[in-house]
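Dear colleague,

Please find below the structure for your review. The findings follow directly after it.

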Amino acid sequence: MSELGHRPAGAVAGTPVAHESARLHATGTAVYTDDLTATRRDVLTAWPVTSTHAHARVRLDVAPALEVPGVVHVLTADDVPGVNDGGAKGDEPLFPDEAQYHGHALAWVLGETAEAARLGAEAVGVDYEELPSIVTVEEAIAAGSFQGIAPTVRRGDAASALASAPHVFEGVSVVGGQEHFYLETHASFAHVDSEGQVFVESSTQHPSETQEIVAHVLGVPNHRVTVQSLRLGGGFGGKEMQPHGLAAVAALGAVRTGRPVRLRLTRAQDMVMTGKRHPFHATWRAGFDDDGRILGLEATLTSNGGWSLDLSDPVLGRALCHVDNAYWIPDIEVHGRIARTNITSQTAFRGFGGPQGMFVIEDVLGRVAPLLGIDAAELRERNLYRPGQTTPYGMEVRHAERLGAAWSQVLDQAGFARRRDEIAAANAVDPDVKRGLAITPVKFGISFTFTAYNQAGALVHVYRDGSVLVNHGGTELGQGLHTKMLQVAATALGVPLAQVRLAPTRTDKVPNTSATAASSGADLNGAAVKHACDQIIARLRPVAANVLGVDQSEVRFEDGRVHGGDPAASVLFGELAATAYAERVQLFAAGYYRTEGLGWDPATMTGTPFKYFAYGVAASEVEVDGFTGATRLRRVDIVHDVGDSLSPLIDLGQVEGAFMQGVGWLTLEELRWDETDGPGRGRLLTPSASTYKLPSFSELPDELNVHFLERAHEDGAIYGSKAVGEPPLMLAFSVREAIREAVAAFGPAGHSVELAAPSTPEAVFWAIEAAREASRQASPAAPPVTDAASRAAHAGRVSAER
């Protein structure tokens, strides 16, 4: 077992503990970025002047705004001393002269109050010269409007495999985007200190990149800018790239006026102005043998990237790397491209393209199973990866047997076969309400596909009283990263959890950090924290051996005490720290970690981009109302691979939360833009919780059973654990496939259900109507099932059941 993966006896890591800020969250006393403004005087508020056109050249007249009482300044391109760009690709002008989407920020008004700034923004005059706009991915495909890379993943000869396959199917699969809807909207707070340092508090997942963007906008070196991320009220990837320009606006305002500047988007502004999960459009052809095994796949995936690149390149790359999900596809050729459209610049979202890639193969299997005459669960199981097989990009699927183990465990614990029979019997006698039960797997690669990001640093201080302070490069989004880092440090130093404290993430403590993303926060930062702690232990060991009169090899650090084999003859960790200080032994250390074994060629899309794969399987049962298309989630059974969990309660919450966020994406959350040629073209039509449906308590399953896969130690990761942030989101495919099964029960045997995504009640209703029409065509004499008597009986039964 590796030193990194070895977990000592009595470790704090692996014990179920509450989130380190749980009490603060529950009592409402947790402090977030915008809360800090209350501690400062003379704070100005920044408010955007936004475009009312999807695409237009603009000219601004800011003079009227300066006449509004309380308006101090209007920031424009003329105020930028450095580079007028708020992104990392050089294609996001911070103050544009060409509006690229409806809601694009053109200038920012600084006011004594939010109301003054808002009125000032309304007073700014904007002349528009309207230009042609592209809103949908279909429009972009027709116009040839693309940007960024166009990668291809290829293995074998897909064309030949399809030409000789006994069964070939083709289709189009379209899946929508998703709004992050983090509880805390984007927020930044900037001021300039007495030494000219620009200090920025930012709700950012990537403080180092925020620092770089602020610095290049201001035209100063990075060391003149410090970015701190105290805690985030959620992020889900939406705060990986998008905060940078907003932080730069606040910093620019502070430099320009000499006063602190706060910028906090309202909920409507956040939804209208910031990026979302990429919608995807896919065309495909798939070949199968008589037993239902996949022989070949050809596909083209087109993502809607919006007006600029942001993270669209790596999102598309990961989508292509996950189009196989958990299935062996011997011959495959998948092309990718990014549409350029006049909507928000789409960005990272939990799963980072992986869910959209997996959506394609799951949609293919769900649609072709009835056409092949094979049960969908059986079709999926027959195609699961087996040990020794490799992905289309050439990486071995290590521990592939865990897929089969998780699959079997879910089948058993869910009583899958028995319940399938019960559902069939119930569906046979109820014409109006149908149930469905489906099982789907997940195989998700863990690491950044941009290899350079797979590194992390940490700074650990041990004070003379034995208390410990940990700085690391990851940010706390509510996901429990800080909790896990406390457990890692306590384990590595052999001290109680209460003896360790986390400091806020700051670029002047740990530099050049990667984003807290790609599910890699615990893997990277945990290994860096352990490396720092191990250095301190190595320095303390000879001091302890001398104090205890034993050989260094006998020294043990456990539960806040240090002993040499005999726990009765020991000293407190704090006493040893004081002795070491007196002997001039260094009690702090910088830790560093880089993920080994990675090798990725983005040009050929081949190599080993991931450290390992996380696996999972879910079975979901739904009930579908034949009159409304409404879906009730009756029961979910999950077995997920988290390795040896660092923090079981945290990981349980991550599995449950990710799954429900996936359910929202696939069944509820529908983003709509105005696609007409009217004056509102390109406007987001779902800019609030009243128009955008989020999962709530009513969407929770009646019964949710989550189990961790046992005997799943991951030797190459910190204390044998595995990443858990993103992979469980894709377990929600089981819900959509269960809906497909339920809809199919309204139709004849062999009917293939084409189900829109998200599968909203409206989409489900129309799929049911298509199934009923297929039944009528198969049995023209059959009476309709939607007559008045049936409706009345149905209404009475539903009200009684619910």
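How much area is buried between domain 1 and domain 2, and what percentage of it do carbon and sulfur atoms give? In this predicted model, the buried area between the two domains is about 1400 Å², and carbon and sulfur atoms account for 49% of that area. On the domain 1 side, L477, R506 and T507 lose the most area to domain 2, and together they make up 36% of what that side buries.

For orientation, the protein is divided into three parts: domain 1 covers 8–27 + 455–594, domain 2 covers 40–132 + 180–273, and domain 3 covers 367–449 + 610–776. Taken over C-alpha atoms, the centres of domain 1 and domain 2 are separated by 38 Å. Across their interface, 19 residues of domain 1 are in contact with 20 residues of domain 2.

The side of domain 1 that touches domain 2 draws at least two residues from each of α1 (22–27) and β21 (505–506). By type, the residues of that side comprise 6 nonpolar, 10 polar and 3 charged.

Turning to the structure as a whole, a search finds 53 salt bridges. One of them joins the side chains of R154 and E333, with an N to O distance of 3.4 Å. Because R154 belongs to strand β8 (residues 152–155) and E333 to strand β16 (residues 331–339), this pair ties together parts that are 179 residues apart in sequence.

The structure also holds 12 aromatic pairs. Among them is the pair of W665 and F733, whose ring centres are 6.1 Å apart and whose planes stand at 65°; the pair is therefore edge-to-face, for which the planes must be over 60 degrees apart. W665 lies in helix α17 (residues 648–667) and F733 in helix α18 (residues 733–744), so the pair ties together parts that are 68 residues apart in sequence.

Finally, two backbone features should be noted. A cis peptide bond joins A757 and P758, with omega of about 10°; P758 is placed in the loop between α18 and α19 (761–778). F181, a residue other than glycine, has a positive phi near 45°, and F181 lies in the loop between β9 (167–175) and β10 (187–192).

Yours sincerely

How values were computed: Residues numbered from 1 in each chain as written. Predicted model: local features only at pLDDT ≥ 70, side-chain atom pairs only at ≥ 80, totals over all residues. Heavy atoms only, no water. Domains from an automatic or database assignment. Contact = heavy atoms within 4.5 Å. Buried area = accessible area lost by both parts, 1.4 Å probe. Helix = DSSP H or I, 4+ residues; strand = E, 2+ residues; numbered from the N terminus. Nonpolar A, V, L, I, M, F, W, Y, C, P; charged D, E, K, R; others polar. Phe/Tyr/Trp six-rings, centres within 6.5 Å; stacked < 30°, edge-to-face > 60°. Salt bridge = Lys/Arg side-chain N within 4 Å of Asp/Glu carboxyl O.
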